[in-house]
Each structure stands twice: as C-alpha cells, then as structure tokens.
Number of protein chains: 2
Amino acid sequence: MVTINDIANRLGISISTVSKGLNGASDISEDLRQLVLDTAIEMGYQSKRMKNQTTKKLCIFIENMEYTSQNQFGYDLILGFKQAAYRRGWDVTLYPATPAFQKKEKYDTYMLKNHFSGAFIVGFTLSDPWMEQFRHTAVPTVLFDNYIPGNPNICYVGTSSHEGISMAIDHLFQLGHRKIAFLNGFPHSMIAEQRRQAYFNFMASHNLPTSEALATNGYHAKNSASCYIRSFLQEGATAILCASDLIAAEAVIECRSLGQSIPGDISVVGYDDLPVSAQLTPPLTTIRQNRLELGKCAYSALEILIDHVPVSHILLHPQLIVRSSTACPGHNSLP
Amino acid sequence: MVTINDIANRLGISISTVSKGLNGASDISEDLRQLVLDTAIEMGYQSKRMKNQTTKKLCIFIENMEYTSQNQFGYDLILGFKQAAYRRGWDVTLYPATPAFQKKEKYDTYMLKNHFSGAFIVGFTLSDPWMEQFRHTAVPTVLFDNYIPGNPNICYVGTSSHEGISMAIDHLFQLGHRKIAFLNGFPHSMIAEQRRQAYFNFMASHNLPTSEALATNGYHAKNSASCYIRSFLQEGATAILCASDLIAAEAVIECRSLGQSIPGDISVVGYDDLPVSAQLTPPLTTIRQNRLELGKCAYSALEILIDHVPVSHILLHPQLIVRSSTACPGHNSLP
C-alpha cells in the first residue's frame, strides 16, 4: 500500500508538503500541488479518507444532454444509474462538465481530490478535452455512447447502433421503400459515425441506392430538418430515418410545410422512443433505447471495473416500435 | 399467465392431451407432441414444475472446445460460469451438443422439456444447426464468441477482437516489424472473421503490406502450421501472429524445423494466454483472454436476460503479455 511517505521520498519533499498538496492547502504553489497529485495517482495512492470513508462516492459528468424532465433523453439514464448505485450504498454527484471545466482540471486529479471511486460520462463528443485523458486514466470510468480501446479501466455502455439502423431499414424495406434518406445527429460523435456506417452497410446489403446527398449529418436542432429535407425529397426519397425523435419531429413539420403528408407521401422513423414520440401527430415509428436499463447497466459496468475486471462493452438490443408515421411508399410531389 | 387450458383451447385438443405432450407421454404421436411443445413455447407457458422448482436449472452446451484440464481454454470459462451460478443458487448441467444431437432436438423444446431457464453456448460454429434457431429463441441464451442480432433473448460474451489484434500488431510494429503474417483459426467462426478484418484494418492503419498469402485460415491443428509457415517465410514475413497459443506452439516448432530461430529470425505471438504459453521455449508473447472472468460475465449476462433486460454484448478488454518469443526483426533465411 502506497503511503504519503512514499510520495514524499519519490519527490524528495517533506511529508507535510505532500499532505498540503493532497489536501489543497493554499500555501504551496499550484504547480507543486499538481505534481503531488499526479505522483499520488501514478503510484496508486489512496487517502485514508478514501479508504475509511463510510460514504462511497461516484460521479456523473454530463454534457450536451438534457435530463431534468421525463421527456428528455438523459432523465431515465441518470435515474437508472442512481437507482442502482444508491441500492448498493453509493452516493452519486452529478456534475455538468463543460469543455472549459475539463481544460482547467485534469480528470484523474479531480477524481482523487474529490474522493470519487469512479465516474459515468454522458454526452461527451470526440473533441472534449478529457476524451484524450481517458486513454490512460487509472480511474474506473464508464462512457455512455463512447468507446476508448486499450484501457482496462474504461467501459462503453450503449445500444447497438448496427441493430438499431438495421431494424429501421428492414422495416422500411418490407413496406416497399427503396430510396431511404438518413438525417444523422451531431457530427463529432462516435455514435453518429457508427450509425452512418451501419446505414451505408445495410442499404448496400439490401441493394438499395445511397449517395452522400441521402445521408447528412444534422444537429439536434430545427435547422437540420429545414436544411436537408427539401433535398432529400428532390433526390426522390420516400422515407426518412432520423437519428432522434426530436429530429424526426422537426422533419415531420418540415415535410408538411413542403406540402407532403406523413405517412401518405413520406414515411418518417425516429430514434430513442422518448415519451413525446407516442404523442406526436402521427405517433412516431421509432427505435427504442431502454434508457432506464442503460443507466442500470452503466452502474453495473462501473461496479465490475471497480472490482478490477476489465469489462470493455455492455450493449443493449434496441427495439423497433411501429406506430403510424410509416406506411407503404407514396409519391412525394417535389420534382 | 398462460395455462395448460389456454394451450388446449388454442389447439382445439383436450387438456389431458396437452399434458401428455408436455410430459413426454408415449401414447401420443411425435408430431402432436412437438406441436404442443411449440405452441407452449410460443405462448410463453411455464410448467408448474418450472415455476415451483426449488432447484433453478441452467445448461451449458459445449462443442469444439476442451475443458477437462486447466491447460485447456474451456476449463476456466466453465469454472467461472459455474462458480457465479452456484453462488446464486442455480444448478448447472454441462452437455456436449453435437450437430447430430442438435438436428434431433429443437433448442427451445429441449430447454422446456428439461426445465432449463437459460443456457450458455460455447464453441459453436456458424454452421451448427441450432445457430439458426437462436435467431428466434424465446429462451435466455448467452453465446460465447458468437453474435445473433435482433433477438432480445440473446447476448454475446467474449473478448474484443479488434483490441486484441491491434495490441499484437502495435507491439510488433513498435519492435520494428513490417511484414507480419496472420495464422488464423477455424474458418467457420465469427471470431475468426472478426480477427481477420481487424488484422487487415490495423495493418492498413499502420501502412503495412498485406496480402491473402500473409493471412490464412488454419485450424487448431498441427497441419495448419506445416501448411503455411514456409510460404509466410517465403513472402518475407519477420513475425507471425497466431489465433491461439496452440497454433503458435506449432508455428514455433515448424519455424525451427525450417532452420529459423525464435525470436532471433522470426517473432511469434500467440492468443489466449493458456497456462502452457509461459512454459514454452521461448515463453510466448500472447494476448490474454481472462477466461474465469469471461465465464462469470456469461453468468451475469444470463441473469440479466432472465430479468427481461435485452443485453446484447458484454465484452472484456484483452491484455498484451510480453514474454520472449518477440524481438526486433531478424532476417529469415528463406528462400
């Protein structure tokens, strides 16, 4: 077991200085404090407070995702994680991790200073500053919808993108659709890339036509629908697969404003099965992600990593929910 | 809850006939018995014996894999599964499932008749008769190293092939190797196909030369080494990545018989980290699969499926174990 003495010997400084560094005292320099923390992490030091603490602490870092109302994707995800963690006696802190915050604090340092045993990372993009640090972190860390190969302390939890996209395309294909457009989400995202690849793979395996004009990266925003729907229709698309229910809702509005009826002229498929998708007009055909169970799986993955088992992926099957926004192909009336 | 009466009504036969079908009585025809069982499964019937049984039963079906001695791949895999299952009060039956047996019995029927709540499937190839049935099975089923998309009752457990192959190629690349041959395992296997793709992907991402002559499908047998090693050397390979430690052991023998020293002339990398790999001369650099933990994860996956959560993948990170069969490239003296 590494002691405070070992850290002092390694750095050639006094025990009291190490102690100040670990406890955040203000009378040592920021550089020295960082060096003490980095060395403590490298040597595998655990503070007495961590070892003896009666409250075991986990952290959720969240970004780019809403979670305060039941209609939002993050709500059940966070709830499932907390439910599972509380049941096992953990205290869970939720923290919005902006890029500015990530730049200011090293991930491992933050976790050690705050006595967290592990974290669940939600909504990060590929360009988030901590993503690079996760490659070498010593802290058990579960990423929602992100994958870091080669680090035994990191696990990816999510829903199989390949299955989700294939279920949607199979459903549309069986209805008779041949020109299927794909309105993807956020571009700097692993999941958007997985889904894009899956779209091209499954279209090819059904011998269906694809082109860059039929598969575009939008954002979770109104303007993606208004940017692309017209050109999808001009390309002759009779169905639009969207990367979220919110994008799909905007796509429906945009199609209507172009004089197209859903599903008479155009079929629309969403993704996620948020509560709102059943209440839209028409109720949305979508790919369900079981968010409560994803949250619980994320907790289980963290528990497994904390037990030193190098779990790499825990994925759930998605589920096709057929409602009324899909039907046999009509004829969209744009040229 | 579906009753024996519901099955009788659905089929338009008497309750006593249904009961005979379910209990394997000999005075009804085999066709009728099968119809009763198929209908019971389709309707989600659970026998009283299943519901009330004090012993909860799981089954392991195993094929193409040795498991009776600690030196064999299956030993720890089965042990880990049994340890985890026994701890939760399950009784585990291990059954060798030959293709002939699979052809004789439908999977779901066998499980229902024998009151198994779920199964762990080990060593099956893509051509095994039950593989097609797994697409639609209603029984919670965990496949080792096999993946069936789209069925919420099926989960794939294994070690990430992409990471394993990338770790091996990175290691050889950093030593200075550029011509790296790949001696793959069993051809009719999902894992062999994953590893083959990973090999071509990672060679390409390092801008290394590949050809069909450098990547061959062998078998877990002596003759694969003797078939291919000479041509690898003639192609100018300075390192050979093998799909198992047993193949690597044969590759070492074959290289020596061709006058090559390991690792002076040729580096050899194994896969699995079986106990024997540390005892070979030279001790083998290899990719470890944590078999005990894989077995425990397989049990956890089955427990999750039995709780009606549609888990799809649980994968572990592999680990690179560097021993003495790899070094900087020498010059193989063939041809």
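This is a predicted model: local features need pLDDT of at least 70, side-chain atom pairs count only at pLDDT 80 or more; totals for chains, interfaces and linings use all residues.
Residues are numbered from 1 along each chain as its sequence is written, and chains are lettered from A and ligands numbered from 1 in the order in which they are written. Local features need pLDDT of at least 70 and side-chain atom pairs count only at pLDDT 80 or more, while totals for chains, interfaces and linings use all residues; side-chain values use heavy atoms, with hydrogens and water left out.

**Helix pairs**

Helices (H or I, at least four residues) and strands (E, at least two) are DSSP runs, numbered from the N terminus. Axes are lines fitted to C-alpha atoms, for helices over the stretch in contact, and angles run from 0 to 180 degrees between N-to-C directions.

| Helix pair | Angle between axes | Distance between axes |
|---|---|---|
| Helix 5 (residues 73-87) and helix 13 (residues 291-306) of chain A | about 40 degrees | 7 Å |
| Helix 9 (residues 161-175) and helix 10 of chain A | roughly 45 degrees | within 9 Å |
| Helix 2 (residues 15-23) and helix 3 (residues 30-43) of chain B | about 90 degrees | 8 Å |

The angle of about 40 degrees makes helix 5 of chain A oblique to helix 13 of chain A. Angles under 35 degrees count as roughly parallel, over 145 as roughly antiparallel, 65 to 115 as roughly perpendicular and the rest as oblique. Contact means heavy atoms within 4.5 Å. Residues of helix 5 of chain A in this contact include A:Phe73, A:Leu77 and A:Phe81, and those of helix 13 of chain A include A:Leu292, A:Tyr299 and A:Leu302. The residues of this contact divide into 11 nonpolar, three polar and three charged. Here Ala, Val, Leu, Ile, Met, Phe, Trp, Tyr, Cys and Pro count as nonpolar, Asp, Glu, Lys and Arg as charged, and the others, Gly among them, as polar.

Helix 9 of chain A and helix 10 of chain A are oblique to each other, and their crossing is right-handed. Among the residues that meet are A:His162 and A:Ile165 in helix 9 of chain A, and A:Arg195 and A:Phe202 in helix 10 of chain A. This contact has seven nonpolar, five polar and one charged residues.

In chain B, helix 2 and helix 3 are roughly perpendicular to each other. B:Thr17, B:Val18, B:Gly21 and B:Leu22 in helix 2 of chain B meet residues of helix 3 of chain B, including B:Arg33 and B:Val36.

**Between the chains, and salt bridges**

20 residues of chain B are in contact with 20 residues of chain A. The two chains bury about 1600 Å² between them, 64% of it on carbon and sulfur atoms; buried area is the accessible area (1.4 Å probe) that two parts lose on being put together, summed over both.

A salt bridge is a side-chain nitrogen of Lys or Arg within 4 Å of a carboxyl oxygen of Asp or Glu. The whole structure has 16 salt bridges over all chains, with zero between chain B and chain A. One pairs A:Glu30 with A:Arg33, the closest N and O atoms being 2.6 Å apart. Both residues lie in helix 3 (residues 30-42) of chain A, three residues apart, about one turn of the helix.

**Backbone features**

The peptide bond from A:Ile262 to A:Pro263 is cis, with omega near 0 degrees. A:Pro263 is in the loop between helix 12 (245-257) and strand 9 (267-269) of chain A. In chain B, the bond from B:Ile262 to B:Pro263 is cis, with omega near 5 degrees.

A:Asn207 is not a glycine, yet has a positive phi of about 55 degrees. A:Asn207 is placed in the loop between helix 10 (190-205) and strand 7 (215-217) of chain A.

How values were computed
A crossing is left-handed if the near helix is turned anticlockwise from the far one by less than a right angle, and right-handed if clockwise.
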